[in-house]
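The sequence and structure come next.

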Amino acid sequence: MDLSYILKAALLAIVEGLTEFLPVSSTGHLIVAADLLKMPQDAFYQMYMIVIQLFAILAVIVLFFHRLWRQISGFFRFEKSAWTFVSKWVLATIPAGLMGLFFNDWIEAHLMRVPTVMAALVLGAILLIVLERWLRPLAYREPMESISYAQALGIGCFQCLALWPGFSRSASTIMGGWVCRVKTRAAADFSFFLAMPIMVLASIYSLYKYLVSAKSAGLAAVAVMNRSQVFALIIGCLLSFIVALVVVDKFLNFLKRHSLRGFAYYRILLAILLGLRLFVFKAA
């Protein structure tokens, strides 16, 4: 059994759990981490990244279960407030859903690289600093359930920026909330609700493509995994779930009292370090 491979996979799962719901971009961090760890970019790697993301989403579903169940059960009981919220929820998922459907292959072919991640990190950081300085104080709408249809659609449109690896779904929806005059905590809550269907559907689609490619190669999905990969998958799922569970809860409490400027500075610092590694140290 390859313990080094299992450790690398575990580190990727921790990175996923730490960054999936913070305004720093999990996809960007995973691209960079996989590059640093020199993970083989094979079929198992592609499937592994999908599954650990699903388990990070599961952590949010667990944390938001009571609110999620209240809205969904109310929807099926034809409660007006639940129907109103669910319709806004669906409306807000449409823009990113359509963009992902039509441009997913182009994004994977052109944007899943370190230089494009660096650009997204810097642009997202600048927008975080500017919008928090000028628009966050003007936000008035809370709680999440009081968001209007126009505000929901506006936040949903901003979520499209998250399709650019390195930008961050959390950052894009929170900034969209500020633009639409929604307070930070309410925008973050809505961000997590938006993440559930978008990320679950995207992950299922990616997993489906993996299974189809395995089948076309004449293999069962499990047949492409050796013992090290099986252990890596089990450990990675557990780590991604547990770390995301802790991080989301802490992040929501953090938003009540703190600015997001620190995350913006971190993004810029990370982009600088990536630039040095890519253009200076490799050239040397």
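Which residues have the most contacts inside the largest nonpolar core?

## Basis

This is a predicted model, in which local features need pLDDT of at least 70 and side-chain atom pairs count only at pLDDT 80 or more, while totals for chains, interfaces and linings use all residues. Residues are numbered from 1 along each chain as its sequence is written, and side-chain values use heavy atoms, without hydrogens and water.

## Nonpolar cores

Phe21, Phe64, Trp178, Phe190, Phe192, Phe251 and Leu260 have the most contacts inside the largest nonpolar core, which has 49 residues. A nonpolar core is a set of buried (under 20% relative accessible area, 1.4 Å probe, protein chains only) Ala, Val, Leu, Ile, Met, Phe, Trp, Tyr and Cys residues joined through side-chain atoms within 4.5 Å. Helices that each supply at least two residues of this core include helix 3 (43–63) and helix 10 (227–255). Its largest share, ten residues, comes from helix 9. Helices are DSSP runs of H or I, at least four residues, numbered from the N terminus.

A second, separate core of 22 residues includes Leu12, Met47, Ile52 and Leu233.

## Helix 2

Helix 2 (residues 26–37) has twelve residues and spans 16 Å from first to last C-alpha, close to the 16 Å expected at 1.5 Å a residue; the expected span is 1.5 Å times one less than the number of residues. Its buried residues include His29, Leu30 and Ile31. Lysine 38, with a positive phi near 55°, follows helix 2.

## Methionine 99

Methionine 99 lies in helix 5 (residues 80–110). Methionine 99 counts as partly exposed because its relative accessibility is 35%, partly exposed being the range between buried and exposed (over 50%).
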